[in-house]
Amino acid sequence: MTSPDAGLGAWLADLEGSVEEIATTALGLPGMTVDRRHEAPPQLHGAYLGLVGPAGAVQIGLASSAEGCQALAKGLMGMGPDDAPLPEGEMADAVCEIINIVAGAFKARVRDRASALQMGLPVFIQGAVQATDRVAVRVAEVRLGAVAAAVLLIHPRPGAEG
Amino acid sequence: MQILVVDDSKAMRSIVMRAVRQAGYDAVAFVEATNGAEALKLIRAAPPDLVMADWNMPEMSGIELLKTLRAEGNQVKMGFVTSESDPAMRDLAFQSGALFMVTKPFTPDSLKAVIAPVMT
């Protein structure tokens with residue numbers, strides 16, 4: 001894995017590209033747009049998954065409002081917006097599966113500069129990720145169709161690994 | 001024909017089963033397991049005709065399941081339906097005896113193209 005900071009813009013771009021790819025092919029939500037990028041973790045619901053390599057680790061996340069997560073989950077399940085909401089556990093499971101698929105696409109995109117990345121198991125979290133002295137969060141606010149969402153890259157701050 | 005679908009995600013098990021039916025295999029009966037360890041018990045008790053397993057799962061991964069089965073001499077047909085597409089993992093899967101490796105996301109048609117040769 002390349003050192004943090006130097007390639008982080010490229011990492012976030014690859015993550016955004018992976019989300020767009022999966023939103024288009026698996027969720028039926030083509031045409032992702034990026035509204036803005038920043039480093040303030042949002043208070044949202046979302047799924048997160050760790051990727052660990054020989055030179056470090058990152059976490060990737062996809063978060064949205066409760067309604068947005070329902071829309072993403074329904075998209076994966078091939079359901080329409082008028083279908084009854086999924087039970088909360090099934091919604092969380094589906095959003096976790098989305099980030100799992102995104103992680104696979106992300107791994108493929110960064111393979112040339114980060115081989116041997118190992119994927120962890122996804123978790124669903126309600127609330128904001130807390131940035132610390134050791135960990136920073138990069139956020140891209142995106143629109144997947146009509147769904148407002150956030151793409152998150154959580155990474156060690158330079159010099160904080162180990 | 002009976003297919004054992006192994007994935008820790010209920011959503012993905014549903015998607016796999018639906019895609020198999022949409023691929024034209026209406027008469028298939030499905031059994032589900034949430035990880036490799038659970039699948040191993042089911043296979044030992046009553047081997048299905050085909051196992052379609054995720055790779056990354058808690059307790060026992062898909063590749064650990066496959067290696068365990070082959071070490072026991074169990075030659076049940078098995079392949080992977082996974083978000084992993086790493087060439088080294090594909091090599092490991094096929095060297096270990098996997099018959100196919102489908103990358104998520106997939107369509108019923110792309111799934112059919114891969115599983116048709118083993119659906120006999």
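A search of the whole structure, a predicted model, finds 2 cavities of 30 Å³ or more. Here a cavity is a set of points on a 1 Å grid over the protein atoms alone where a 1.4 Å probe fits but cannot get out. Local features need pLDDT of at least 70 and side-chain atom pairs pLDDT 80 or more, whereas totals for chains, interfaces and linings use all residues. Residues are numbered from 1 along each chain as its sequence is written, chains are lettered from A in the order in which they are written, and side-chain values use heavy atoms, without hydrogens and water.

**Second largest cavity**
- The second largest cavity holds about 30 Å³ of space, a volume being the space filled by probe spheres set on grid points joined across faces, edges and corners.
- Its lining (residues with an atom within 4 Å of a point) consists of B:Val5, B:Val6, B:Asp7, B:Met12, B:Val16, B:Met52, B:Ala53, B:Asp54, B:Val81 and B:Lys104.

**Largest pocket**
- About 250 Å³ of space lies in the largest pocket, a pocket being an open set with protein on both sides within 12 Å along at least five of seven lines.
- Of its 16 lining residues, A:Ala26, A:Leu76, B:Ile15, B:Arg18 and B:Phe106 are the closest to the centre.
- Helix H2 (66-76) of chain A and H1 of chain B are the elements that give two or more residues to the lining, and H1(B) gives the most, with 5 residues.

**Interface of chain A and chain B**
- The contact (heavy atoms within 4.5 Å) takes 18 residues from chain A and 20 residues from chain B.
- Across this interface the rule finds 4 salt bridges, each a side-chain nitrogen of Lys or Arg within 4 Å of a carboxyl oxygen of Asp or Glu.
- A:Lys107 and B:Glu84 meet through their side chains in a salt bridge (2.6 Å, N to O).
- On the side of chain A that touches chain B, helix H1 (8-25) and helix H3 (88-109) of chain A give two or more residues, and H3(A) gives the most, with 9 residues.

Conventions
Helix = DSSP H or I, 4+ residues; strand = E, 2+ residues; numbered from the N terminus.
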